Amino acid sequence: MWKALWKDPVWAPVISAGIVTAAGAGGTYLLGLWPAISDQAGSLWRTAGEQSKWSNWQVWMAVALAIPSVLLALALLWRAIGVSTGVDDWRNLYLEDKLVGLHWRWKYYPDGSLGDIHSFCPHCDFQVFPHQASAYAAIDRIGFHCDSCGRDLATFGEPLEHLESRVRRHIQQKIRAGSWRQQE
Ligand SMILES: [Zn+2]
């Protein structure tokens with residue numbers, strides 16, 4: 001879960017800012033500076049009521065401390081109103097892959113299911129169709145041959161329907177695991 005958040009374009013900077021702030025606070029604490037800072041904060045609080053006498057560095061420090069909170073609030077708001085934060089990128093980016101020895105292309109229906117799966121030659125990208133590779137019609141054995149570069153590509157001991165189902169499940173597995181991002 002943290003790994004996914006870390007890669008998330010919205011959460012990553014928020015987490016980084018949080019870590020930097022925590023590290024800064026920890027470092028300050030170790031240096032024994034907290035009493036001085038809380039004194040300073042106390043006097044800031046007291047003087048805030050009077051005519052503002054904040055010096056530039058005090059204003060900038062307050063702004064710097066507020067940034068992580070603002071980022072966090074923005075990220076929560078962003079999530080709440082359902083803006084896409086790249087989580088569904090696969091719908092736009094993962095539309096082809098090399099699986100089981102062939103190059104496949106497909107599209108997604110609005111419900112996220114796969115459709116229009118087509119196979120292509122992994123060498124020259126020519127679209128290829130299966131042919132019956134068994135001499136006996138009763139035995140399901142299909143093969144793919146490229147009519148463009150002339151290569152025999154792959155044979156499978158199953159009907160096309162099963163092969164496509166297998167490819168579909170490979171694709172869905174990669175989407176769930178997030179490993180589709182590591183495509184060449
Ligand atoms: Zn080819």
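The points below go from the overall fold to single residues.

1. Overall make-up. This is a predicted model. The chain holds six helices and six strands.

2. Of the 184 residues in the chain, 7% are buried. Taking contacts between residues at least 6 apart in sequence, 39% join residues at least 24 apart.

3. Three strands make an open sheet in the order 1-2-3, with antiparallel pairing. Strand 1 (96–99) and strand 3 (114–120) are the edge strands; each has a single partner strand, so one side of each has no neighbour in the sheet. From one strand to the next, the twist averages 30°.

4. Pairing of strands 2 and 3. Strand 2 (residues 102–108) runs antiparallel to strand 3 and is joined to it by five bridges. Within this pair, R105 stands opposite H118 in strand 3. As background, strands of a sheet pair through backbone hydrogen bonds, either parallel or antiparallel.

5. Helix 6 on the sheet. Helix 6 (residues 160–177) packs on this sheet and touches strand 1, strand 2 and strand 3. The direction of helix 6 makes about 110° with that of strand 3.

6. Nonpolar core. Which residues form the largest nonpolar core? There are six: L102, W104, F120, C121, V128 and F144. Leaving aside residues up to four places away in sequence, F120 touches L102, H103, R105, D125, F126, Q127 and V128. Of these contacts of F120, L102 and V128 also belong to the core.

7. The hairpin of strands 5 and 6. Strand 5 (residues 142–145) and strand 6 (residues 152–156) run antiparallel and are joined by four bridges. I142 stands opposite F156 in strand 6. The two strands form a hairpin with six residues between them. In the turn, G150 has a positive phi of about 80°.

8. L93. Is L93 buried or exposed? L93 lies in helix 5 (residues 90–93). It has 12 C-beta neighbours inside 10 Å and therefore counts as exposed, the cut-off for exposed being 12 or fewer. L93 and W180 are 87 residues apart in sequence, while their C-alpha atoms are 9.2 Å apart in space.

Key:
Residues numbered from 1 in each chain as written. Predicted model: local features only at pLDDT ≥ 70, side-chain atom pairs only at ≥ 80, totals over all residues. Buried ≥ 20, exposed ≤ 12 C-beta atoms within 10 Å, placed from the backbone. Contact = placed C-beta atoms within 7 Å. Core = buried A, V, L, I, M, F, W, Y, C linked by C-beta atoms within 7 Å. Pairing = 2+ DSSP bridges. Axes fitted to C-alpha atoms, helices over the stretch in contact; angles between N-to-C directions.
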